[in-house]
Amino acid sequence: VSALWLGGTAYISSNTESYLNAYVKKTNNLYSANGMKMSVEHFEKGFFSSDAKLKIDFTEPKLREVITQTIKLPMEIDYKLEHGPIFFKNGLGFGATRIQDSMNLKDYYTKESPLEKYLKSEVVLTSTTTVDFGKNATFEASSNEIIVEMEGKKLTVSPLQMVGDLNVETFEGMTNIEISSMLIEDKNDFLKVKDIELEADIKKVFDNGFYLGNILLNVGNIQSEGLDLPFTLKDAKCKMLVDIKQNKDETVNLDFKIDADAGASNLPTAYAFLQRVETSYTLHGMKLEGLLAFQDYTKKLQAQQQDILSRLQSPTTGELDMDVYAELQKMQSKTKDDMQLLMIDMLKKDSSSLSFETKFLDKNNKKSNFSMNMGYVGDVVFQKDIKALEAQLKEEWLNLITFDFDVKLEKDYISNLPAELQQELSGQLQVGKMFGIIKENNNSFSFDANYKPGILKVNGENKTEMLQMLGVNSSK
């Protein structure tokens with residue numbers, strides 16, 4: 001048993017540095033476009049434990065200049081790595097490597113840092129990370145309470161708690177961050193946010209930083225009074241979700257959802273009837289290679305923007321450099337064109353679609369909803385020149401897509417609207433009924449339209465002749 005234990009410890013200690021270097025390399029691949037660079041400055045290998053010093057720096061000059069006004073760069077962080085398979089120091093445990101760390105951010109402030117002036121509490125981060133023999137890391141981290149006072153305002157953030165697991169080679173894993181409360185006070189005004197939770201479940205990370213998985217932000221309770229806001233919040237809540245999945249045919253679905261509940265809030269008169277809003281936005285069936293190319297482009301774009309912005313202001317006079325400003329405008333114009341071409345490359349026939357849906361619920365549980373879905377059914381070779389592409393789309397776009405629109409307003413929902421809005425909406429509904437676009441039912445008004453190349457249906461009736469108003473040949 002002793003031989004196995006000592007042999008395992010010797011093997012782990014001999015491989016720890018290579019694992020650390022691989023982790024640093026992966027991190028740099030993901031964040032190099034943001035101007036961040038990490039390196040192993042020093043590694044001293046021991047039998048039962050090793051010492052490592054990591055350096056974090058920012059290479060982009062303008063960004064580095066901004067950060068150094070607050071934080072000392074480069075940041076050097078010392079770690080003590082305990083080798084397994086059995087841990088004795090700071091409690092018994094099992095695994096390949098255990099890292100325990102305590103960091104006081106005050107050690108990294110510059111003397112001129114506003115944090116030194118306004119931060120009324122030290123910020124101490126403590127963490128414990130255990131790496132198993134499958135290169136999976138389990139970690140726990142926490143902070144103390146944070147208090148900031150600035151110009152009569154006071155911000156209090158309760159201790160942060162974070163747990164998760166991560167594969168140190170692939171960066172796949174789950175993370176959960178919780179903050180029980182954040183409070184901003186200004187005399188009798190305040191904003192209090194409670195039960196803040198961020199969950200991330202990352203299924204796959206590509207070399208350029210694009211990922212598959214989902215991220216959920218949940219805010220359990222929001223209250224406010226004053227702060228120059230034209231409303232007060234009480235027991236409001238909000239939830240936001242980003243979900244990215246890969247399909248069997250190598251396409252990707254992107255889903256974005258927001259769910260907000262007003263609780264017992266006192267909203268402005270124009271929105272006082274609202275209780276809950278649910279909004280979703282989706283891109284489905286997009287080509288994976290197109291999304292990866294788009295991600296590569298945005299990373300390069302970030303580097304170009306940082307370079308231009310660093311030269312935008314003359315270092316001698318402090319005035320705007322008009323030549324560099326012209327370069328910025330030219331880049332922005334080119335970016336718009338490049339993104340159109342890149343987005344076209346994401347489309348796949350009978351697969352790609354864009355949808356948007358919003359649901360409103362008033363305080364009497366009456367509903368209205370709007371939904372739209374647009375699908376790509378084209379089978380054409382798109383032009384690679386932006387002007388030729390725009391001309392091609394202008395001529396062909398209605399032969400490349402399908403769409404569905406669906407709008408429904410409950411009559412009781414309309415009756416709960418402000419009088420001015422009711423009057424305006426009533427006129428629009430009557431005009432819609434006159435032209436046969438709006439359909440009136442016993443309890444609601446509705447409108448739905450369905451289009452396929454050459455065929456248009458409105459409220460279930462064939463209205464293909466309306467396509468002529470758009471200059472579309474219905475025989476196509």
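This briefing covers a helix pair, salt bridges and a surface patch. The model is predicted, so local features need pLDDT of at least 70 and side-chain atom pairs count only at pLDDT 80 or more, while totals for chains, interfaces and linings use all residues. Residues are numbered from 1 along each chain as its sequence is written, and side-chain values use heavy atoms, without hydrogens and water.

**Helix packing**
- Helix α4 (residues 288-311) packs against helix α5 (residues 322-344) at about 175 degrees, with the axes 11 Å apart.
- α4 is therefore roughly antiparallel to α5 (angles over 145 degrees count as such).
- Residues in contact (heavy atoms within 4.5 Å) include F294, Y297 and L301 of α4 and L328, M331 and L342 of α5.

**Salt bridges**
- The structure holds 18 salt bridges (a side-chain nitrogen of Lys or Arg within 4 Å of a carboxyl oxygen of Asp or Glu).
- K348 and D249 pair at 3.6 Å, N to O.
- K348 is in the loop between α5 and β18 (353-362) and D249 in the loop between β15 (233-246) and β16 (251-261), so the pair ties together parts 99 residues apart in sequence.
- D201 pairs with K203, with the closest N and O atoms 3.0 Å apart; D201 is buried at 15% relative accessible area (buried is under 20%, exposed over 50%, partly exposed in between, with a 1.4 Å probe and protein chains only).
- E278 forms a salt bridge with R276, and shared partners join D259, R276 and E278 into one network.

**Surface patch**
- V431, M434, F435 and I437 form a nonpolar surface patch with about 430 Å² of accessible area together (residues with over 30% relative accessible area and no salt bridge, nonpolar side chains joined within 5 Å; areas by the Shrake-Rupley method with a 1.4 Å probe).
- V431 belongs to helix α8 (residues 419-434) and is partly exposed at 44%.

Technical notes
Patch = residues over 30% accessible without salt bridge, like charges linked within 9 Å, V, L, I, M, F, W, Y side chains within 5 Å. Helix = DSSP H or I, 4+ residues; strand = E, 2+ residues; numbered from the N terminus. Axes fitted to C-alpha atoms, helices over the stretch in contact; angles between N-to-C directions. Parallel < 35°, antiparallel > 145°, perpendicular 65-115°, else oblique.
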